[in-house]
Amino acid sequence: MIKQKMTKWLENVYNCPYLILIMVSSVVAMLSFDEIGIRVMNHIMTQDRTVSVVGDIVKAEEHQTQGEVPVIVEEIQDTGIQDALNQNVVSENLQDELQNAGERKEETDGIENINELNIEIEKSETLEKQEELVKGTTKFLPYTPLEIESRYYSDAGKIALTTEYPYTLENDSYFNDAAFLGDSRTLGIYDYVGLDGADFFCDNGMTIFKLLKDDGVTEQGTGQKVDLKKVLQERHYGKIYIMLGMNELGYGNTTMYLQEYMSVLKQIREWQPEATIFIMANLHISREKNNMATEFNNININDKNVACARLANGTDIFYLDSNPMFTDNEGFLLSELTFDGVHLYAKHYDKWRQFLMEHGVERGDSAAAAVPPVEETMISDTDAVGAVESMEGVQAVDAAPAEGTQ
Amino acid sequence: MLFSSIGFLFRFLPIFMIIYLIAPAKYRNFVLLIGSLVFYGVGEPYFVLLLIASVLINYGLSRYMFWEPKSPQNNRKLKAVKRRKRALILACVFDFGTLFVFKYWDFVAENVNGVAGSRWLPILALALPLGISFYTFQMVSYQLDCYWGKVPKQAGLLAYANYICMFPQLIVGPILRYSEVADRMAERRIRVRDLENGLKLFAAGLGIKVLLADRISTLWNTIMTAGPGNLHITAAWMGALAYSFQIYFDFWGYSVMAMGLGKMLGFRIPRNFDDPYTSRSISEFWRRWHITLGSWFRDYIYIPLGGNRKGSGRTICNLFVVWALTGLWHGADWNFVLWGLGFFLLISLEKKTYGNWMERSRVLCHIYTLLIIPATWVIFAISDMGQLTAYLGNMVGIYAGRVMVGTEQVIRYLKNYGILLIMCVIFITPFPRKWYHRYKDRWFTVLFLFAIFWWSVYEIVVGSNNPFLYFRF
C-alpha cells in the first residue's frame, strides 16, 4: 500500500518538471536576491507607488515642490567670490563623502589645495576686472528648503537663473559649429528644433557619467555610436551645449554628479579650448509626474540644476535655464505641453529654438585676445587640480553607488 | 496587487497556494475567499468594504428572489413573480447605481454643467474602485440568471462570494457566468498536472504581459510624446500599431494569467481572446476580442431588447444601444462613446451592405480589419478631442503644420523596435498558441517557459513596470 502510494507520488513528481523547476529556483532566488526576497516589502511599496504615479490619483502631499515661493534675490555680483563659495561648498561635501569612505587625510590636503586655488581665482578675477571684460553673472534665488531624507539628493534651497550676460540674437548659421550633448530631451532638440548645422551626441538614458566612456554616444543624423573622446579631440567646435541630469536623479548623489560634471567640463575644455560651453538646465517635470516618495521630483532636478549652474563662470561657461518658458509658477512643467510629464510635445520646441537663438554669445577675436593668457591658464589649472581632486573623489566614493544602486 | 509584481509572485501566490493545498477540501472555498479579499484589500484597503457590502446585498436579494413563503396564499404564484421582479430591479439599481456614482457621475455632471453653463451638479472626483466594471457585470449576470431560472439552485453565500471575488478574475476579468463555475465551486479536485499546466499558462501570460506589452508600450509613448498633429503618416500608423499590440498583449496576457491561476485553483476560466487580430471582419473581431464582455452584452442587453427578431429598424436600434453602452463601459469619456459608436457603424454596415461582398476575398478582408482596428484603438487611446482629430488626420496624411516626426525618426524607431515588432506580429497569429498546445509537455517548452518566467521577473525588478491598461476600468 505504502509502496503503491510512493510510486504514485513519484510519478506525479516526474510529471511536473516545470512546477519543480520554478519552485526550486524561486526558493534559491528568494534566498540570494534582496529584490525578491528579504526586502520584498519595500518593493511592494514601490509597486504601489508606481501605480499612483502612472495612474490618475496622485496623492496631494506628493505635490509640494520647490518649497516656498522665493522671496529675496540673493545677488552674487562677484563671480570670483561665487566660484570660491562654490568650491567651498563642493569641498565640504567632498569632505563628507570621503569621511564616509574613510580616506580623510589625503582629502584634507586636497581641500587645502582647493582653498589656495580659490584665492588664486580671486586674484585672477580682480586682475580681470581691471581690464573691464564683459563677464556674466549667475544669480541664485533662495527659498526655504524642505527637509529631504534621501541618499540621492537634498533640497538646494535656491533656484539657479540663466547667467546674466549681454547675449546676442543669432541665426541658424551660429549653430554650424555647435555640438549638443545630452539625453532624450536633447534628442528632442535634435528632432524638433531643426538646427541642421549642429552635431548632436545624445541617447535615451545618457548620463554625465557615461558621456565620455568608451561605450560611446549615438551621433544623430548618422545613427552611429561614436566615442565622444575621439570626436572632441578631432573636431573643432565653437559652442558646446550640455544638458544632462535626468537619468542621474536616482544614481549616486548630487555631489558626485557635480564632480563628474566638473571633470567632464575640464576634459572638454582641454580638447576644445576655444569653445563656449553652455550648461543647460534640466527641464522640470509635470505635477502629475512629480513624486516626492521617489527621487523623481523637481526638487531633485533643481538640486542637479543648481549644482551644474555653479560651474558657469560667465566668461566661457554659461548656464541657460529654459524652465521659465515651460513651467507654472510652482515650477511644474505645464501639463498641456507634455504627454508623459517629462518631454515636451514636438511643436513646443519652437520656443526652445527661439530661446537658443536669443542666447548667443559672441566672443570675437578681440575678446579672446583681451582675455589675458594668464587668466586662461589659471582657470584651466584650477580646473585641472579641481578635476583631479574630483576624480579622486569619484574613485573614493565609487563604492557608494555600487551599494546604492541595489 | 498586480499579477506582474514581486509581491504577488513571491509572497502572495506561494503563501496562498500552500495554505490552499494543505487545507481540507471542504475549507478550500473559505481559504479562497479570504485570500481573494486579502489580494484585493492590499491594493484597495477601503474599497474592499464596498466589495463585501455589494456581495452581501446582492446575495440577500438573490435569496429574496428564491424565497418561498410557507403560508398558503391564493395568488402565491403571482406574488412570487412580483417578488422576483422587485428583487431584480433593486439589485440592478444598486449595482448600476454604484457603478454610475463611482465611474460616470463626474462625466455626466461635467457635461450637464457645461450645457447649463453653471455648476448645478457637484464634481465628486471619486477614485474608481479596482475592477468595479468587471464585478458589477458579474453580479448583474447572476441576478438575471436567477430571474430567468438559469440558476436552478440557489448558491451558498461562500460559493457566491467566491464567484464574484475569486482573485484570478476579480480585477480584470474574464467576466464569468455562475454556471461556468458552479460545479467546480461545489466540488473540485486539484491534480498535480493542473498545478503544472496552470503554472505554465501563467508564465506564458506573464511573458506576454511583461515582455511584449510593456516593452512595446514605450513605442506608443514615444510617438505620443512627440505629440499628434506633426506626425508623418508612417509614424502615425506605427504608433497606432504599437498601441494595438500593447492593448492586446496587455489584456490577453492578463487573461492567460487568469486562466493559469484558475487552473491551479481547480477552476476552468474561459478564454477571453481567440486571436482577434486575425479576424476577417469587425463583427468577427468582436466575437474574438474580450469574448466574455461581448457575450454579456449579447445575452443580457441585445437579446432581451429583441435582438434581430423584431425587424431591421429595431435591430439597428438595438445594436446602437449595445455599442454605445460597450463604449461607455470602457471609460467615461466622449472618445469611448465615439469608439463604441464607430463599431456600431462598422458592424451595421457590414451586416447591411458590404459584408457579404467582401467575404469573396480573404486577403481583402484581412487588409480591411488590419486597417480599421488600429484606427479604432487610436480613438480609444486619446480622450482629448483636439489631439484625437489631429492624430487621425496624421493617419490619412493631413498635418497641422510642419511634419516633425518624419522618415528619419521612423527609421530610428524601426531600428530600436524592429525585433519587438516582429515578435508582436508573430504573437497575433495563432501559431504560438498552437505550438504551445502541441509541445507544452516537451522539455524544450519547459525550459523556454522557465526562461520566460525569470526574464519577466528580471524585467519587473529592473524596469519600472507599468500597471495594466485595463486598471482604469
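**A helix pair and its surroundings**

Guide: The crossing of α2(B) and α6(B) is left-handed, a term that applies if the near helix is turned anticlockwise from the far one by less than a right angle, with right-handed for clockwise. The model is a predicted one, in which local features need pLDDT of at least 70 and side-chain atom pairs count only at pLDDT 80 or more, while totals for chains, interfaces and linings use all residues. Residues are numbered from 1 along each chain as its sequence is written, and chains are lettered from A and ligands numbered from 1 in the order in which they are written. Helices (H or I, at least four residues) and strands (E, at least two) are DSSP runs, numbered from the N terminus.

In chain B, helix α2 covers residues 28–43 and helix α6 covers residues 157–165; their axes come within 9 Å and cross at roughly 35°. Such axes are lines fitted to C-alpha atoms, for helices over the stretch in contact, and the angles run from 0 to 180 degrees between N-to-C directions. On the side of α2(B), the residues that meet the partner helix are B:N29, B:F30, B:L32, B:L33, B:S36, B:L37 and B:Y40. On the side of α6(B), they are B:L158, B:A159, B:A161, B:N162 and B:C165. The residues of this contact divide into 9 nonpolar, 3 polar and no charged. Contact here requires C-beta atoms, placed from the backbone, to lie within 7 Å.

The peptide bond from B:G173 to B:P174 is cis, with omega near 0°. B:A125, which is not a glycine, has a positive phi, near 50°, and belongs to the loop between α4 (76–116) and α5 (132–147) of chain B. B:A125 counts as exposed because 9 other C-beta atoms lie within 10 Å; a residue is buried with 20 or more such neighbours within 10 Å, exposed with 12 or fewer, and partly exposed in between, with C-beta atoms placed from the backbone. B:D275, in the loop between α9 (233–265) and α10 (282–288) of chain B, likewise has a positive phi, about 45°. B:D275 is partly exposed because it has 18 other C-beta atoms within 10 Å.

Why does B:D299 count as partly exposed? The reason is that B:D299 has 16 C-beta neighbours inside 10 Å. B:D299 lies in helix α11 (residues 291–302) of chain B.

Chain A has 14 helices and 9 strands, and 41% of its 406 residues count as buried. Among contacts in chain A with a separation of 6 or more, 75% come from residues 24 or more positions apart.

Strand β3 (residues 178–182) of chain A has 5 of its 5 residues buried. In a regular strand the side chains alternate between the two faces of the sheet. From β3(A), A:A178, A:F180 and A:G182 point one way, and A:A179 and A:L181 the other. On one flank, 4 bridges join β3(A) in parallel to strand β4 (residues 199–202) of chain A, where A:G182 stands opposite A:C202. With helix α6 (residues 184–193) of chain A, the strands β3(A) and β4(A) make a right-handed β-α-β unit; right-handed means that, with the strands pointing away from the viewer, the path from the first strand over the helix to the second runs clockwise.

β3(A) is also joined by 5 bridges to the parallel strand β7 (residues 239–243) of chain A; strands pair if DSSP finds at least two bridges between them. In β7(A), A:M243 is the bridge partner of A:G182. Both faces of β7(A) are covered, with A:K239, A:Y241 and A:M243 buried on one side and A:I240 and A:I242 buried on the other. A further 4 bridges link β7(A) to the parallel strand β8 (residues 276–280) of chain A. The chain passes from β7(A) to β8(A) through helix α8 (residues 254–271) of chain A, in a right-handed β-α-β crossover.

Methods
Two residues are in contact if their C-beta atoms, placed from the backbone, lie within 7 Å. Ala, Val, Leu, Ile, Met, Phe, Trp, Tyr, Cys and Pro count as nonpolar, Asp, Glu, Lys and Arg as charged, and the others, Gly among them, as polar.
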